[in-house]
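Visitor: I would like to go through this model with you and ask, for each label used, what makes it apply. Please set the values against the cut-offs as we go.

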Amino acid sequence: MTRIKYKSFQRNFLLAMLAYLVVVLLVWPLARTVPSLPLKVLCALAPIVPLAVAMGLMARRILHSDELEQRTHLVGLGVASGVVALFSTVGGFLASAKLLSLDACANLLLWLFPVLMVSYGVARLWVARRYGIAAGCDDEDETFPTYQRLLGAAGLLGICTAWGYYKSIDSFHLGLLSGTCAGLAVSGALLGLLHWRRRRGSHE
Amino acid sequence: MNNRLRELRGKHNWSQGDLAEKLDVSRQTINAIETGKYDPSLPLAFRIARLFRQNIESIFEPGKD
C-alpha cells in the first residue's frame with residue numbers, strides 16, 4: 001500500500017478544518033433564524049460535513065501508514081477513547097443527578113470531538129517519542145513544527161474571537177474562545193522558544 | 001531483539017531513506033528498528049531478509065531477556 005505524504009495530508013486536513021470553521025461561523029448560526037424546519041436541520045448539521053471529510057482523511061492516512069505508524073495511531077486512539085468515555089460518563093452522571101442544564105449537556109456533547117482529538121494527539125506524541133520518532137512519523141514533519149501549528153491555530157482562533165466580539169456573542173463563549181486562543185499562543189510561544197534554543201545548541 | 005540492519009545497509013551504501021523507500025516504510029521506522037526501539041513484524045522482517053538475500057535469523061537475533 002503506497003504511503004500518503006504527511007505534507008499533502010496536513011494540507012487537506014487544514015483545508016477541511018478551515019471549511020469547518022467557516023461553516024460553524026457562517027452557516028450553523030442560521031439554524032436559529034431560518035423559518036423552515038428542513039433548512040434548520042440542514043444548517044444545524046452542516047458542520048458535520050467538513051468533520052466527516054477530516055475523519056475520512058485521517059482514516060485514509062492511518063490505513064496507508066506503515067506498521068510502526070499504525071501502532072502509534074492505535075495506542076493514541078485507544079487512550080483517546082478511554083478519555084472520551086471517562087469525560088462523557090462524568091457528564092452523564094452530572095446530568096442524571098440534575099446538576100447540569102440541557103444547555104450545559106449540549107455544550108458537553110460538542111466538546112467530545114475536541115477532547116477525542118486532543119487526547120489522541122497527546123497520546124500519540126507520547127508513544128511516538130518512546131520509539132524515538134516524530135508524531136508524524138515522516139521527515140516532512142519539519143515543514144510545520146508543532147509550535148508553528150499551535151501558533152497557526154491560535155491565529156485562527158484569534159480571528160474567530162474577533163468575529164465573535166464583533167457579532168456580540170455571549171460572554172461565556174467569548175471567554176472560552178479567547179482563553180483557548182491565549183492557551184494555544186502561550187504553548188506555541190514556549191515550544192517555539194525550546195525549538196529555537198535546540199537549534200541554536202546544535203549550531204554551536 | 002538485536003539486528004544487523006545498520007551494518008547491512010552500510011554495506012550497500014544505502015541511506016535510511018533509501019532503505020525505507022525500498023521497504024515502503026518511513027525512514028523513522030528504519031531508524032527505530034536499527035536502534036532496537038522497535039521490533040518489526042514477521043512480514044516486514046521477511047521483506048528485509050529478502051531484500052538483503054539473507055535468512056531472517058542471520059539479520060535478527062533474540063536479545064537477553
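Guide: In this predicted model, 49% of the contacts in chain B with a separation of 6 or more are between residues 24 or more positions apart. For chain A, the share of contacts between residues at least 6 apart in sequence that join residues at least 24 apart is 68%.

Visitor: What elements make up chain B, and in which order do they run?

Guide: Chain B has 5 helices and 2 strands, and from the N terminus on its elements run β-α-α-α-α-α-β.

Visitor: How do you know that the radius of gyration of chain B agrees with that of a compact globule?

Guide: The rule takes 2.2 Å times the number of residues to the power 0.38, and because chain B has 65 residues, a compact globule would come to a value near 11 Å, which agrees with the 11 Å of chain B. Along its principal axes, the C-alpha trace of chain B spans about 30 × 25 × 20 Å, and buried residues make up 22% of the chain.

Visitor: What are the corresponding figures for chain A?

Guide: The C-alpha atoms of chain A fill a box of roughly 60 × 35 × 35 Å along the principal axes, and of its 204 residues 16% count as buried. Chain A has 8 helices and 0 strands. Its mean pLDDT is 84, and 91% of its residues reach 70 or more; among its elements, α1(A), residues 6-27, has the lowest mean pLDDT, 81, whereas α4(A) has the highest, 93.

Visitor: Which residues of α4(A) are buried, and what covers them?

Guide: The buried residues of α4(A) are A:Leu68, A:Glu69, A:Thr72, A:His73, A:Gly76 and A:Ala80. What covers them includes α3 (48-63) and α6 of chain A, together with α3 of chain B.

Visitor: Which residues touch the most other members of the largest nonpolar core?

Guide: Of the 17 residues in that core, A:Tyr131, B:Ile30, B:Ala32, B:Ile33 and B:Tyr38 touch the most other members. At least two residues of this core are supplied by each of α4 (67-96) and α6 (112-130) of chain A and α2 (16-23) and α3 (27-34) of chain B, and α6(A) gives the most, with 4 residues. Leaving aside neighbours within four places in sequence, B:Ala32 is in contact with A:Leu68, A:Tyr131, A:Gly132, A:Ile133, B:Lys37 and B:Tyr38. A second, separate core of 5 residues includes A:Leu150, A:Ala154, A:Leu157 and A:Leu184.

Visitor: How many residues of the two chains are in contact with each other?

Guide: There are 12 residues of chain A in contact with 13 residues of chain B, and by class the side of chain A that touches chain B has 5 nonpolar, 1 polar and 6 charged residues.

Visitor: Why is B:Lys22 called partly exposed?

Guide: A residue is buried at 20 or more other C-beta atoms within 10 Å and exposed at 12 or fewer; B:Lys22 has 14 and is therefore partly exposed.

Visitor: Why is A:Lys98 called exposed?

Guide: With 7 other C-beta atoms within 10 Å, A:Lys98 is exposed, because the cut-off for that label is 12 or fewer. A:Lys98 is found in the loop between α4 and α5 (102-110) of chain A, and it has a positive phi of about 60° although it is not a glycine.

Visitor: And what makes B:Arg53 count as exposed?

Guide: B:Arg53 has 6 C-beta neighbours inside 10 Å and so counts as exposed, by the cut-off of 12 or fewer. B:Arg53 is placed in the loop between α4 (42-52) and α5 (56-59) of chain B, and its phi is positive, about 50°, although it is not a glycine.

Methods. Residues are numbered from 1 along each chain as its sequence is written. Chains are lettered from A and ligands numbered from 1 in the order in which they are written. This is a predicted model: local features need pLDDT of at least 70, side-chain atom pairs count only at pLDDT 80 or more; totals for chains, interfaces and linings use all residues. A nonpolar core is a set of buried Ala, Val, Leu, Ile, Met, Phe, Trp, Tyr and Cys residues joined through C-beta atoms within 7 Å. Two residues are in contact if their C-beta atoms, placed from the backbone, lie within 7 Å. Ala, Val, Leu, Ile, Met, Phe, Trp, Tyr, Cys and Pro count as nonpolar, Asp, Glu, Lys and Arg as charged, and the others, Gly among them, as polar. pLDDT is the predictor's confidence in each residue, from 0 to 100.
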